Amino acid sequence: MSQDELLTLRNVGKTSAQWLHATGIHNLDELKRLGPVGAYAAVRARGFNASKALMFAIAGALQDVHWNDLDPHYKQQLLRQLEEESPS
């Protein structure tokens, strides 16, 4: 595979792609399977200092929109899901 599939996605840059690869996410199908919250949580669990903007960037990548253009209610839903899945 000569081209990194993750780098072809909107909102995903070199650093984000490296973090995703380090967590075992190597393509769009794997990213879809985990979803934005799962992928973001996996990156954080590996010790990378990613902000929640990464979660929104992944969500935008999965919808092929810039993360700033995500519906604000959807962003709130993602934040609630992250809070519910995060250990206290």
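View 1. With a relative accessibility of 10%, phenylalanine 56 counts as buried (under 20% relative accessible area is buried, over 50% exposed, and partly exposed lies in between, with a 1.4 Å probe and protein chains only). This is a predicted model, in which local features need pLDDT of at least 70 and side-chain atom pairs count only at pLDDT 80 or more, while totals for chains, interfaces and linings use all residues. Residues are numbered from 1 along each chain as its sequence is written, and side-chain values use heavy atoms, leaving out hydrogens and water. Over the face of phenylalanine 56 lies lysine 75, at 5.3 Å from the ring centre (a charge sits over a ring if NZ of Lys or CZ of Arg is within 6 Å of the ring centre and within 35 degrees of the ring normal).

**View 2. The stacked pair of phenylalanine 56 and tryptophan 67.** The count of aromatic pairs comes to 2 (rings of Phe, Tyr and Trp, the last by its six-membered ring, pair if their centres lie within 6.5 Å; planes under 30 degrees apart are stacked, over 60 edge-to-face, and the rest tilted). Here the centres of phenylalanine 56 and tryptophan 67 are 6.4 Å apart, with 15° between the planes. Phenylalanine 56 belongs to helix 3 and tryptophan 67 to the loop between helix 3 and helix 4, so the pair ties together parts that are 11 residues apart in sequence. Tryptophan 67 is partly exposed, at a relative accessible area of 26%.

**View 3. Helix 3 and its neighbours.** Helices are DSSP runs (H or I, at least four residues), numbered from the N terminus. Buried residues in helix 3 are Leu54, Met55, Phe56, Ala57, Ile58, Ala59, Gly60 and Ala61. The buried residues of helix 3 pack against helix 1, helix 2 (28–45) and helix 4, where contact means heavy atoms within 4.5 Å. The 12 residues of helix 3 should span 16 Å at 1.5 Å a residue, and the end C-alpha atoms are 17 Å apart, which agrees (the expected span is 1.5 Å times one less than the number of residues).

**View 4. The salt bridge of arginine 10 and aspartate 64.** What does a search of the whole structure find? It finds 1 salt bridge (a side-chain nitrogen of Lys or Arg within 4 Å of a carboxyl oxygen of Asp or Glu). The side chains of arginine 10 and aspartate 64 meet at 3.4 Å, N to O. Arginine 10 sits in the segment before helix 1 and aspartate 64 in the loop between helix 3 and helix 4, so the pair ties together parts that are 54 residues apart in sequence. Arginine 10 counts as partly exposed, at 42% relative accessibility. Just after helix 3, aspartate 64 takes a positive phi of about 60°, although aspartate 64 is not a glycine. Most residues other than glycine have a negative phi. Asparagine 11, in the segment before helix 1 (14–22), also has a positive phi, near 80°.

**View 5. The buried side of helix 1.** Ser16, Ala17, Trp19 and Leu20 are the buried residues of helix 1. They cover an arc of only 160° around the axis, which puts them on the same side of helix 1 (the arc is that of the directions from the helix axis to the C-beta atoms). These buried residues of helix 1 pack against helix 2 and helix 3. Just after helix 1 comes glycine 24, with a positive phi of about 95°.

How values were computed. Helices (H or I, at least four residues) and strands (E, at least two) are DSSP runs, numbered from the N terminus.
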